[in-house]
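Keep the model in view as you read.

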Amino acid sequence: MTDEHPFPLPGREQALHLLREMLRIRRFEEKSAELYSAQKIRGFLHLYVGEEAIATGVMEHLRADDAIVATYREHGQALARGVDMGAIMAEMYGKQEGCSRGRGGSMHIFDARTRFYGGNAIVGGGIPLAVGLAMASKMQGSDAVAVCFFGEGAVAEGEFHESLNLAAVWGLPVLFACENNGYAMGTALARSESQVDLQRKAASYNVHAEAVDGMDVLAVADSTRRAVERLRRGEGPVFLEFRTYRFRAHSMYDAQLYRDNDEIERWKKHGPIVRFEARLRSAELLDDGTLAAIEAEVAREIEAAVAFAEAGTWEPVGDLTKDVYSERGRR
Amino acid sequence: MSEAMTSTYREAMKEALCEALDRDPRVFLMGEDVGEYGGCYAVSKGLLGRYGPDRIRDTPLSESAFVGAGIGAALGGMRPIVEVMTVNFSLLALDQILNNAATLRHMSGGQFEIPLVIRMATGAGRQLAAQHSHSLEGWYAHIPGIKIVAPGTVEDARGMLWPALLDPNPVLLFEHANLYNMEGPLPAEAGAIDIDHAKVRRQGKDLSLITYGGSLGKSMAAAETLAGEKIDVEVVDLRSLRPLDMPTILASVRKTHRVLIVDEGWRSGSLSAEIAARLAEEAFYELDAPIARVCGAEVPIPYAKHLEDAAIPQPETIAAAARGLMGSHG
């Protein structure tokens with residue numbers, strides 16, 4: 001958008017890491033769309049193309065013992081968190097090697113190892129979980145935090161308001177990470193909210209709130225770093241509104257009657273990857289060869305993930321009711 | 001050896017809470033007015049002073065957020081007890097109970113356990129009208145992934161919470177609002193009871209009266225009346241509404257060959273309907289008479305005392321149904 005960069009570039013290695021993470025998500029999503037068309041992936045598929053800077057930037061400042069709750073548009077967060085790409089792809093194939101044994105699909109990626117608690121497909125439904133995870137952390141005397149991703153559509157849900165208030169009243173270490181991509185499915189924010197400046201809603205609960213350029217990975221990372229520092233110091237919850245845009249349809253069923261192509265093309269011009277790439281090139285941190293090498297590395301990882309999913313197996317129907325309950329017994 | 005003592009359902013619940021808070025530092029209680037106010041039914045009176053505000057947490061009136069926070073805290077390694085004032089209010093948290101508590105384990109391929117107890121008051125009898133008096137535990141018993149228990153005696157009020165907390169699954173505990181003042185025997189060493197199994201509260205040979213919670217005492221009273229009429233009623237207290245202890249139910253039915261189900265919940269699509277259907281499936285040829293039911297009338301529970309009384313099972317209506325059942329031929 002502007003030539004002035006408020007956030008300085010990190011060193012070359014870190015800069016290329018951020019670019020690589022965003023490209024992993026972008027290419028994974030493109031492959032997912034292709035596999036959806038090929039009917040390898042079924043059900044609903046919500047892609048994160050355009051929003052990669054947010055998951056990438058936020059995860060930079062989280063620790064292994066922090067907890068994450070995301071939405072049905074969560075491939076990007078899962079990948080950036082370190083959930084195995086093959087397990088995510090196998091999940092979307094419905095295979096039992098999937099991270100959720102094929103029970104959840106695209107919308108329900110879970111991974112206990114990385115404390116990734118979904119994959120929640122009820123808009124707003126994951127927010128209270130993050131409050132509880134933060135509560136557990138605080139009661140256990142830990143400085144681990146909980147991060148909850150949700151879209152701007154969730155701001156209309158009661159659970160958003162209840163949760164912000166509860167987290168603020170109890171001073172809980174929750175980062176409310178709002179990904180404002182402008183549309184709740186097909187409903188533009190201004191058509192559904194009387195107050196479209198979302199940080200003001202959070203501020204009304206005495207939650208520290210900031211609006212952030214969600215298309216700039218460095219802006220996302222910087223705001224997250226400051227937010228997480230506050231959380232770990234016990235200064236109460238933080239709300240970050242990441243202003244972003246999804247370049248693709250809401251889901252694969254969406255004909256996008258509610259927005260025009262000009263708008264999409266305008267946003268694409270300042271997409272998170274093209275902007276960052278251009279900045280790296282102008283700082284001479286990136287050249288064609290380096291980019292090609294990163295792309296090749298990403299392509300290999302995706303190829304391996306697809307192969308893993310293809311080779312996966314179906315959970316036996318006899319296991320259908322397994323894990324409705326834990327059978328571990330009382331203790 | 002047991003010293004014969006009596007207590008109230010309310011005091012027994014409070015003792016159960018104290019036992020849990022004393023035994024496990026991961027246990028805490030949260031809900032509306034559980035602290036400063038002492039609990040809307042005074043169950044947690046005094047606990048804030050004893051355990052402090054970290055473990056006895058007054059919540060805002062945000063059922064969905066604090067029930068969801070309980071689920072999150074359980075995922076995070078705590079053992080929360082969440083109190084919802086009444087089952088009618090729990091509908092505001094139904095998203096969390098169904099879409100998260102009951103679902104996350106299976107949907108994640110078995111990665112997580114949610115050792116959470118949600119307590120709530122249920123049932124009519126206090127002239128609180130239609131938004132505080134319903135018996136919706138049967139609805140919850142429809143949902144796979146959660147367990148449902150309902151204490152009908154003082155001893156069960158004392159003994160259900162601890163095993164429910166030890167369960168790695170979410171357990172909903174339904175306390176009948178009309179029982180809090182009920183007195184009953186409570187041995188000095190009373191503790192955990194068997195929440196997996198129904199309990200035969202009264203042995204009998206003529207018919208099996210299957211009930212739970214707030215209808216248990218009424219059913220026992222009806223059985224006493226009927227005993228004077230030479231009708232020998234066996235009373236089975238379900239204790240657990242999900243899962244149902246079918247072996248105990250079937251054993252009773254095989255003995256008596258007649259069944260009367262008493263449930264304060266509405267009749268249509270109900271827990272009583274489920275039990276009747278299972279008996280039709282599993283014990284049809286044991287039955288000497290059609291299965292009978294006494295259920296809540298299919299109305300929003302009204303305020304006026306005579307109408308409220310008429311809307312829910314009473315000893316007289318239970319006894320009348322039993323007489324009708326004994327009059328029918330097999």
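Strands S2(A) and S3(A) (residues 116-120) of chain A run antiparallel and are joined by two bridges. At least two DSSP bridges are what it takes for two strands to pair. Strands of a sheet pair through backbone hydrogen bonds, either parallel or antiparallel.

Before going further, note that this model is predicted: local features need pLDDT of at least 70, side-chain atom pairs count only at pLDDT 80 or more, and totals for chains, interfaces and linings use all residues. Residues are numbered from 1 along each chain as its sequence is written, while chains are lettered from A and ligands numbered from 1 in the order in which they are written.

Chain A as a whole has twelve helices and nine strands. These are DSSP runs, numbered from the N terminus: helices are H or I with at least four residues, strands are E with at least two. The C-alpha atoms of chain A fill a box of roughly 60 × 50 × 40 Å along the principal axes. Its radius of gyration is 20 Å, which agrees with the value near 20 Å for a compact globule of 331 residues. That radius is taken over C-alpha atoms, and the globule rule is 2.2 Å times the number of residues to the power 0.38.

Next, look inside. Of the 331 residues of chain A, 52% count as buried. A residue is buried if 20 or more other C-beta atoms lie within 10 Å of its own, exposed if 12 or fewer, and partly exposed in between, with C-beta atoms placed from the backbone. The largest nonpolar core has 196 residues, and those with the most contacts inside it include A:Leu175 and B:Ala322. Such a core is a set of buried Ala, Val, Leu, Ile, Met, Phe, Trp, Tyr and Cys residues joined through C-beta atoms within 7 Å. Helix H5 (residues 127-139) of chain A gives the most to this core, nine residues. In soluble globular proteins, nonpolar side chains tend to be buried together.

Leaving aside neighbours within four places in sequence, its contacts include A:Val145, A:Val147 and A:Leu240. Contact means that two C-beta atoms, placed from the backbone, lie within 7 Å.

The two chains also touch. Their contact takes 37 residues from chain B and 37 residues from chain A. On the chain B side, helix H3 (63-75) is among the elements giving two or more residues. H3(B) gives the most, with ten residues.

Finish with B:Met13, which is placed in helix H1 (residues 9-23) of chain B. Is B:Met13 buried or exposed? B:Met13 counts as buried, because 27 C-beta neighbours lie inside 10 Å. B:Met13 touches B:Val43, B:Ala157 and B:Glu175, not counting residues up to four places away in sequence. B:Leu161 is 148 residues away along the chain, but the C-alpha atoms of B:Met13 and B:Leu161 are separated by 8.0 Å.
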